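Here are a few exercises to work through with the model open beside you. Try each task before reading its solution.

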Amino acid sequence: MVRTDTELVQLLHNGDRQAFADLYEHHKAAIYRYCLRMLIDSNATEDATQETFIKMFAGIKGLKNTESFLPWLFSIARNEVMMHIRRNRRNDVHSDENIWDKQTPYDLTVAAETTEIVQRLLQNLKSEYREVILLREYEQLSYTQIAEITGDSESSVKSRLFKARKALTKRLKEYYT
Amino acid sequence: MNCEQYQEYISQFIDGELPPTVEIDLFVHLGVCEQCRTFLKNVLSLRNTLTLSQQTTVPASLDQRILNQMSSNVKQPTLQNLFWHKGKPQYSFRAIGLAVIFSAVLTSILVSSFWHISYQPQQTIVCLTPLPEVEVTGYVVVAPSPTKGINQ
């Protein structure tokens, strides 16, 4: 029988350890994917994913609204990711668009496939722009959910998504012309 | 309204977040603006490319790490964590109950010790015959002989 997140969270509140295992199985890929796209480094990704689920277990009793479980889980992952980024942030000079984290993208001549190119460009976005793209395009979260995770307003989420998409499509077009 | 605004609408439209009334306005504009049509095409193409690269496998070693960590998070009851939790005293019923029992035992020991010191058994003397009169001369008490009185 496949249980919903709400049911599993209720069971976990009552100390059902199998409920934790089920929640982990349901969401480990999404959390891992998000952390990997944000952090790039696989070791850091594993650490962030592990910490996310440990803190999820430790803090589950504090979650009152079980309907908000997924945004809450992503918020925990986001905190782990941001802590890592802040620890490792370099003082790069920002481009005039203020979208890119690096002055020049990764060596695009090495990447033959468009997919690879897009991934490299995504990695070069500033974290706050990369994040909204990941949560929208990979996890199909709504603007409301993304706003809840990032702590921003919905209008900020809309604006950031638009700017990130525009920057990526423009850079892709420059590469191919 | 300029193309920049319509392109923002395009971004919301592909996410299904554009109000229906604004959608109509956007479609009318797309009918006459090639630049915005190109933007729509590019953003949809970007989405397809991102979707293609979505496959990510969680390493099995990570599964094991997390499940092992959760197993070790289950605390075995020890004397320390009966009363302490994260460096703070845990005022559990166990601690309070033990304190009450200890106090009761100590109190009973103290009370019984005190009772033993102050307890003096009383002796009762029963006389079956009246006591004879005695004569006290200075420090001498003259008791009559059993068969005679004092003045005899």
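**Exercise 1: the layout of chain B**

Task: write down the order of elements in chain B, starting from the N terminus.

Solution. Reading from the N terminus, chain B goes α-α-α-α-α-β-β-α-β-β. That makes six helices and four strands, taken as DSSP runs numbered from the N terminus (helices: H or I, at least four residues; strands: E, at least two). Before going on, note that this is a predicted model: local features need pLDDT of at least 70, side-chain atom pairs count only at pLDDT 80 or more, and totals for chains, interfaces and linings use all residues. Residues are numbered from 1 along each chain as written, with chains lettered from A and ligands numbered from 1 in the order written.

**Exercise 2: helix 3 of chain B**

Task: check the span of helix 3 of chain B, then find its buried residues.

Solution. Helix 3 covers residues 34–52, which is 19 residues. Next, call a residue buried if 20 or more other C-beta atoms, placed from the backbone, lie within 10 Å of its own. That picks out B:Phe39, B:Leu40, B:Leu46, B:Thr49 and B:Leu50. Across the 152 residues of chain B, 9% count as buried.

**Exercise 3: the largest nonpolar core**

Solution. A nonpolar core joins buried Ala, Val, Leu, Ile, Met, Phe, Trp, Tyr and Cys residues through C-beta atoms within 7 Å. The largest has 48 residues, and A:Tyr34, A:Cys35, A:Ala77, A:Val132 and A:Ala164 touch the most other members. Helix 2 (residues 17–39) of chain A gives the most, with 12 residues. Domain 1 (5–88) and domain 2 (114–176) of chain A both contribute, so the core lies between them; the bounds come from an automatic or database domain assignment.

Note on methods:
A residue is buried if 20 or more other C-beta atoms lie within 10 Å of its own, exposed if 12 or fewer, and partly exposed in between; C-beta atoms are placed from the backbone. The expected span of a helix is 1.5 Å times one less than its number of residues.
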